[in-house]
Amino acid sequence: MNPQGTPQPPQGYPPVPQPAPARNGGANGALPMVDARDVHKYFHNNQVLRGVSMQVRKGEVVCVIGPSGSGKTTFLRCINHLEKINSGRIYIEGQLIGYREQSDGSLREDSEKNIAQLRSEIGMVFQRFNLFPHMTALQNVMEAPIQVRHEPRDQVEARALELLKKVGLEVKADAYPARLSGGQQQRVAIARALAMNPKLMLFDEATSALDPELVGEVLKVMRQLAEEGMTMVVVTHEMGFAREVADRVIFMDGGVIVEQGKPDQIFSAPQQPRTQDFLRKVL
Amino acid sequence: MNPILQFFQNVVTLRGTYDWNTVFTFLFYPDILQGIIITVLLAVLAQLIGTLIGLLLYFTRRSSNGVLRGIGELYVWFFRGTPLLVQILFLNAFLPYIGLARPLIQTHFFRNLGFQQDIPLDAFIAGLAALSLNEGAYMAEIVRAGIDSIDLGQLEAAKSLGMTYWLGMRRIVLPQALRVIIPPLGNEFNSMLKNTSLVSAISVAELLEAAQAHAFSQFRPLELLTVASIWYLVLTTIWTLIQRQLERRINVSNLDPALTSGGSWWKRMIGFGGRETGVPMPAGADHH
């Protein structure tokens with residue numbers, strides 16, 4: 001699919017020796033949920049990610065903020081391999097996603113089946129919801145567990161109804177997406193992702209396409225998820241949410257992580273001029 | 001009499017020789033009716049096969065493999081660039097070369113089925129193949145437009161849930177694309193019903209050929225062509241009504257869950273859809 005084939009490190013860029021993380025998880029048995037190492041990404045000649053390295057611990061809620069074009073959405077999409085990366089590594093609980101490491105240290109894209117398998121454990125919520133319009137809310141939620149995991153229908157239906165209840169939409173189970181408001185659609189989309197019992201949830205500007213009065217209901221569901229201990233990477237423009245809910249805030253600009261830290265630290269005492277500049281504009 | 005007036009009188013009265021009785025006699029004549037069966041059979045089969053070819057061509061033309069893409073483009077270029085009649089004649093002349101004509105004729109397939117005229121199976125197959133291959137080239141464009149009209153985010157959402165490309169295509173993209181494909185597909189089938197008449201050139205006794213046979217034996221070409229025209233109109237009218245029903249089903253706004261949950265796969269395939277999907281733009285279009 002990729003015209004360039006196997007991702008090549010950019011010219012003049014030395015391959016970084018990177019030991020694979022220990023399978024047994026090291027000292028306390030906790031592999032990071034996400035372990036991104038020096039991720040580079042180009043669209044044609046445009047370098048979107050210029051060496052992003054970060055880790056997300058199990059149960060951690062990380063909010064990624066930054067101006068448009070900073071690469072934050074692209075980075076999020078790399079985490080479940082919706083975007084191919086040109087160099088670097090991304091591990092999900094110690095497992096390289098999207099690629100297999102060759103004996104010579106180079107990367108080759110993994111089989112579609114393996115990629116799909118890893119993705120099935122990573123939930124993603126999109127800016128434009130991307131609900132399946134030809135299915136009811138309930139069918140949207142049931143689709144993947146039945147088609148991907150081949151779980152028994154009645155069991156899936158019970159769980160799906162429970163999830164719809166959790167996002168406050170059990171009464172809309174039989175409604176088609178076209179009959180739902182943006183906020184309702186996004187909540188169904190969250191339930192749909194949760195139906196696969198993901199160990200990690202990615203939110204790609206989940207509230208950016210919503211009317212202002214609908215943002216709250218979606219954030220409420222996300223906050224609830226965070227409180228339940230879900231590991232989350234949240235790309236967002238909602239600074240209030242990031243401040244209250246995030247364990248850590250990452251500020252990206254120009255394809256790199258400029259600064260990261262506790263929300264209080266980032267929002268109250270940003271160290272980098274670019275962070276200060278950005279926060280002055282949005283707050 | 002004024003020759004111009006005379007001319008118009010001839011046109012209106014057909015010089016008094018047009019014989020409606022011949023028309024009525026042959027309208028329900030057995031081999032005319034059997035011709036209709038052959039026409040419908042050819043049209044339905046060729047449309048089905050052509051649609052499958054169109055679908056196949058979509059995937060070859062979207063393939064990452066340059067050779068496959070090239071073959072796909074070449075196919076469409078060739079079959080859209082040469083006349084259907086030539087393709088029919090060509091394939092009919094081609095079958096003897098590969099030693100298929102004689103064994104096919106000797107099966108007497110249609111006579112064994114009870115048809116009065118034994119339609120040579122080799123010509124039938126050559127005609128069917130030409131109609132299908134030709135239709136495939138046109139369906140390729142229709143399928144492509146249908147699938148490409150579906151928001152990229154749909155396949156991305158499917159993939160993010162752990163679906164493979166094929167599963168996502170089958171469960172998510174194609175059912176939605178079908179809604180876009182069905183109206184032009186209906187028009188294609190309307191054309192197909194009439195294009196089958198071209199296989200009369202290779203003596204397949206479909207509707208036109210059956211009518212022509214009597215036209216020559218009765219010296220009544222105009223009347224028998226009228227018979228054929230009446231039946232073509234009946235066929236296309238019936239199809240138009242079916243198509244209208246079908247499109248109405250597709251455009252029913254999403255009100256009736258019974259259409260999608262309980263019904264057959266066919267109902268599920270076509271029984272959905274408001275015009276507003278709530279997914280207006282590709283998720284991949286706004287990289288940040």
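Visitor: Which residue in β9(A) is the bridge partner of Gly123(A)?
Guide: That's Met201(A). Heads up: this is a predicted model, where local features need pLDDT of at least 70, side-chain atom pairs count only at pLDDT 80 or more, and totals for chains, interfaces and linings use all residues. Residues are numbered from 1 along each chain as written, chains are lettered from A and ligands numbered from 1 in written order, and side-chain values use heavy atoms, without hydrogens or water.

Visitor: How do β8(A) and β9(A) pair, parallel or antiparallel?
Guide: Parallel, over four bridges, with β9 covering residues 200-204 of chain A. Strands are DSSP runs of E, at least two residues, and helices are runs of H or I, at least four, numbered from the N terminus; two strands pair if DSSP finds at least two bridges between them.

Visitor: Are the faces of β8(A) covered or open?
Guide: Both are covered. Ile122(A) and Met124(A) on one side are buried, and so are Gly123(A) and Val125(A) on the other. Buried means under 20% relative accessible area, exposed over 50%, partly exposed in between (1.4 Å probe, protein chains only).

Visitor: New topic: what's the strand order in the open sheet of chain A?
Guide: Its four strands run β2-β1-β4-β5, paired antiparallel. At the edges sit β2 (46-56) and β5 (95-96), each pairing on one side only.

Visitor: And what stands opposite Tyr91(A)?
Guide: Leu96(A), in β5(A). Strand β4(A), residues 87-92, pairs with β5(A) over two bridges.

Visitor: Over to chain B: where's Tyr97(B), and is it buried or exposed?
Guide: Tyr97(B) is in the loop between α5 (84-94) and α6 (101-105). Tyr97(B) counts as exposed because its relative accessible area is 71%.
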